[in-house]
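Student: Could you walk me through this structure, one question at a time?

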Amino acid sequence: MSKGIFITMEGPDGSGKSTQIDLLREYLEKEGYDVLITREPGGTRISEAIREVILNKEYTEMSPVTEMLLYASARAQLINEVVGPALESGKAVISDRFVDSSLVYQGIARGLGVENVYNINLQAIGKYMPDVTFLLDLPADIGIARKKDQKELDRMESESLQFHRDVAEGYRSLAERFPDRIEKIDATLPIDRICDIIKVRINELLAK
Ligand code: TYD
């Protein structure tokens, strides 16, 4: 076990993770935590460079295995350089996506298998599994419509609606598989309701 707390935020594209991360940061800072926020893929110089490759819309020929290994590589660097040291020094780390994204997007939606993707990712994450993971559950159609309104879609967001439906369904099945760690929240609820649900769970964690 590390000294800090490790929280991850997951959900389909457009599920409102960043808004909740900002609210959670404020709350944890009030509780006296030194908070570090990071995102995947990215969060270090090398991981951001890998992100550019993974999300580049021109690379339509990328194989699922290449994609999985690139995400795992970006993750390995992030853990080694940022997340691991922050947790060891007692910080609260909130990550916008982590290994569950690979389990769902590559393991389920791309069909590489959850066990297979998890085993490969063990090399990247070592002992660092999240203490709690919030899944912002949203129907795929709503998430992608929200994204389209905001910006040009990247390589993953440009995938078919069926792919995004598989992602949304994949997340639900993952939450059933890891009920102790993953808290599923209805992302169509008002922002402050979602935030309250998150705070309740965080308080339970801090009381342990
Ligand atoms: P990003 O723009 O960060 O999406 P969002 O704002 O929805 O979090 O892009 C990350 C994309 O990469 C997103 O479509 C999910 C996907 N992804 C994977 O397929 N596997 C992974 O392991 C991770 C971390 C992300």
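Student: Which helices each supply at least two residues of the lining of the largest pocket?
Tutor: In this predicted model, a pocket is an open set of points on a 1 Å grid over the protein atoms alone, where a 1.4 Å probe fits, with protein on both sides within 12 Å along at least five of seven lines, and lining residues have an atom within 4 Å of a point. Helices (H or I, at least four residues) and strands (E, at least two) are DSSP runs numbered from the N terminus. At least two lining residues come from each of helix H1 (17–30), H2, H3, H4 and helix H6 (140–150).

Student: How are the model's residues numbered, and what limits apply?
Tutor: Local features need pLDDT of at least 70 and side-chain atom pairs count only at pLDDT 80 or more, while totals for chains, interfaces and linings use all residues. Side-chain values use heavy atoms, leaving out hydrogens and water, and residues are numbered along each chain, as its sequence is written, from 1.

Student: How much space lies in the largest pocket?
Tutor: A volume here is the space filled by probe spheres set on the grid points, which are joined across faces, edges and corners. For the largest pocket, that space is about 570 Å³.

Student: Which of the 26 lining residues are closest to its centre?
Tutor: The lining divides into five nonpolar, eight polar and 13 charged residues, where Asp, Glu, Lys and Arg count as charged. Closest to the centre of the largest pocket are Asp-13, Lys-17, Arg-97, Lys-147 and Glu-157.

Student: What takes up the space of the largest pocket?
Tutor: A molecule sits in a pocket if more than half of its atoms lie within 2 Å of the grid points. The space of the largest pocket is taken by the ligand.

Student: Which element gives the most to the shell around the ligand?
Tutor: Helix H2 (45–55), helix H3 (64–88) and helix H4 (99–109) are the elements that give two or more residues to this shell. With four residues, the most comes from H4.

Student: How far is an oxygen atom of the ligand from an N or O atom in the side chain of Tyr-71?
Tutor: A polar side-chain atom of Asp-13 lies 2.8 Å from a ligand oxygen, and for Arg-51 a side-chain N or O atom is 3.1 Å from one. For Tyr-71, the distance is 2.7 Å.

Student: Where is Arg-97 placed?
Tutor: Although Arg-97 is not a glycine, its phi is positive, at about 80°. Arg-97 has its place in the loop between strand S3 (92–96) and H4.

Note on methods: Polar contact = N/O pair within 3.5 Å; in protein donor to acceptor, adjacent residues only side chain to side chain.
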